[in-house]
Structure formats: structure tokens, C-alpha cells
Amino acid sequence: MTENLLDNVSLNFDAQAQWVLNISLAFVMFGIALEISISDFKGLLKKPKPIFTGLFSQFILLPLLTFLLVLIINPIPSIALGMIMVAACPGGNVSNFISHLAGGNTALSVSLTAAATLLAVVMTPLNLQFWGNLYVPTQQILTKVALSPWQMIQLVSLLLGLPLALGIWVNHLRPNFAKKLGKVLKVVSLVFFILLVFLALYNNRAVFYDYIWYVFWIVVLHNILAFLTGFSFAKLMGLSKRNIRSVTIETGIQNSGLGLILIFSFFDGLGGMALLAAFWGIWHLVSGLLLAAFWGYKPIKTETLT
């Protein structure tokens, strides 16, 4: 295993498949947005503390702690930039479902997904540029790629912002239809998206097999850090147990699918970045469901949400 191979190889994912990946992610987001109403946002204004705790955990603390983890473990540069990319993304698409299984506050989870998705249009490119340029090895990759933050903002707007707005609009006009369509669309599009990620890994299995254990332990460590960040900060802020569970899951389930698309669009599928984001996309489903199963056996008594 050599660093140069992973830092210089591009994973094979042709332009057509990449477009299908983009469209499927947009449908995943649209399916989630069909279950979000304008009143969810009004609820944020009445009790802003949990939502600001979750957003601060996702967009400030996790990128910061990821940067410190990169300094400590000193991974291959493209892997390091992949970690920073994943940490810069908003909460993942399945976080609402996992939060429900875990006995968390589903309404808070949905609100966090909506707010984080809107903020991601600016915060994801900003965090990637800021933290990536603070670490010399990843700074060299960013300089070589000559990344355009404005182009990234445009792509994130199309993939997340537009489907979110359309979904909320349909929900506002036809709430019953939106609810039925959302349940089907969210599952079908998510399964399709996961299959595409598996296809990307399969088409590049030679590279994947060489680095599977190296990437595995980094993803597991990074994912544990994300869950602990959300849990610790929510507890420090004095949130209720149900809200702590939701903030923990929202911070630990990242939208690595968005990261993967950005990597194929702007970094030509750079090996280490793409492998890390693709494996994150699989692993956080496993870890999230395990955590939900653990918390599911520990029901919370009725409490006042804070």
C-alpha cells in the first residue's frame, strides 16, 4: 500500500452514472422534504435552543474536532480531505428514521435536517475550504484542484436546496398526498442511492480491497467522534434526553452521499476522498441502527423537552 496510489488514483464512475447519482440524491431530499411543513420552522423560533445546539454541533464542533483528529492520526492526505468533506456535510438522509427508532425527538430531527440542509448551501463549501486549507497536505490538494466555492454552492443548492423547497411547497398544497408520496419516495430513492454507492465500490474493488481495513478503522473512529460530539454537547447544554438522542444522531449520521457527489464533481473522484465518503455512507447506517437498537431498549419516561 502506497500513499501516492490513493492520492493520485481516481475512482471509476462515468459521467452518466454520476448524473444518476445526483438525481437520486435530489429525489432522496425531495422525499424527506415532503414530510416537512412550514410549521416545523415556526417551532424552531419558539424553542430555538435545541436546534441551535444541533446546528452548532454539526457545523462548528464536528469540523473542528475532525481537524484535530486529522492532526493526531495523520492519515493519507486524500483520506484527510475526505474526513473534512464528510464533517462539512449536513445531517444524513436517514437520521429522521433512526432518531424515531432511538426514541429521540423526531420533530427536532426533522427540523434539524431542514435547517442544516439550508445552511449547508453555504456552510459545506465554507468548512471544506477553511479546515482543508489549515492542514498543509490537504491544502496542496485544494490548490491543485483550484476548487470554486461558488460552483460548489450552486451544485449544493440544486441537490439539496431546490428539492427541499419543492417538497415543502407540495406538502403545503397537498399535505395528505405529500405524506403518502414521501413514505414511498424516501425509501425507494434511498435504496437506489445505496445501490449506486455499492456499484461505485464494486467498479473500483481492486483499490477498495487494498485499503479496506485502513479506511474502515478511520471511518469507525471518525464516526464515534461524531456521535460523542453530538451527545456531549447536547448534554452540556442541558437538553432533555429525547433531544440529546436526536442531536447525537443528527451529528453522527452525515450526508456522505452529498460529499461523494461533490468529490466526483470537483475532485475527479480522488481515491482516498471517495473511498472514505462511500464507506461512511454504509457504515453510519450500521452504527446508527446499532445505537437506535441500544436506546430503543431504554425507553425514556415522559419528560419536558428542553
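Entry 1, one leucine. I looked up Leu258 and, leaving aside neighbours within four places in sequence, found it in contact (heavy atoms within 4.5 Å) with Leu25, Cys89, Pro90, Val156, Leu159 and Leu160. I note that this is a predicted model, in which local features need pLDDT of at least 70 and side-chain atom pairs count only at pLDDT 80 or more, while totals for chains, interfaces and linings use all residues. Residues are numbered from 1 along each chain as its sequence is written, and side-chain values use heavy atoms, with hydrogens and water left out.

I then turned to nonpolar cores, meaning sets of buried Ala, Val, Leu, Ile, Met, Phe, Trp, Tyr and Cys residues joined through side-chain atoms within 4.5 Å, where buried is under 20% relative accessible area with a 1.4 Å probe, protein chains only. The largest one has 80 residues, and Leu258 is listed with Met85, Leu262, Phe267 and Leu276 as touching the most other members. Helix α7 (residues 106–134) gives the most to this core, with eleven residues. I also found a second, separate core of nine residues, with Ile98, Ala102, Phe227 and Ile249 among them.

I checked pLDDT, the predictor's confidence in each residue from 0 to 100, and the protein averages 83, with 88% of the residues scoring at least 70.

Of the 306 residues, 57% count as buried, and among contacts between residues at least 6 apart in sequence, 88% join residues at least 24 apart.

Where is the kink in α9 centred? I found it at Ser157, with an angle of about 40°, the bend being the angle between axes fitted to the seven residues ending there and the seven starting there. Helix α9 (residues 149–173) has 25 residues and reaches 34 Å from its first C-alpha to its last, close to the 36 Å expected at 1.5 Å a residue, a span taken as 1.5 Å times one less than the number of residues.

Last, I looked up Ile32, which is found in helix α2 (residues 15–33) and is buried, with a relative accessible area of 2%. Its C-alpha atom is separated by 9.0 Å from that of Val94, 62 residues apart along the chain.

Conventions:
Helices (H or I, at least four residues) and strands (E, at least two) are DSSP runs, numbered from the N terminus. Buried means under 20% relative accessible area, exposed over 50%, partly exposed in between (1.4 Å probe, protein chains only).
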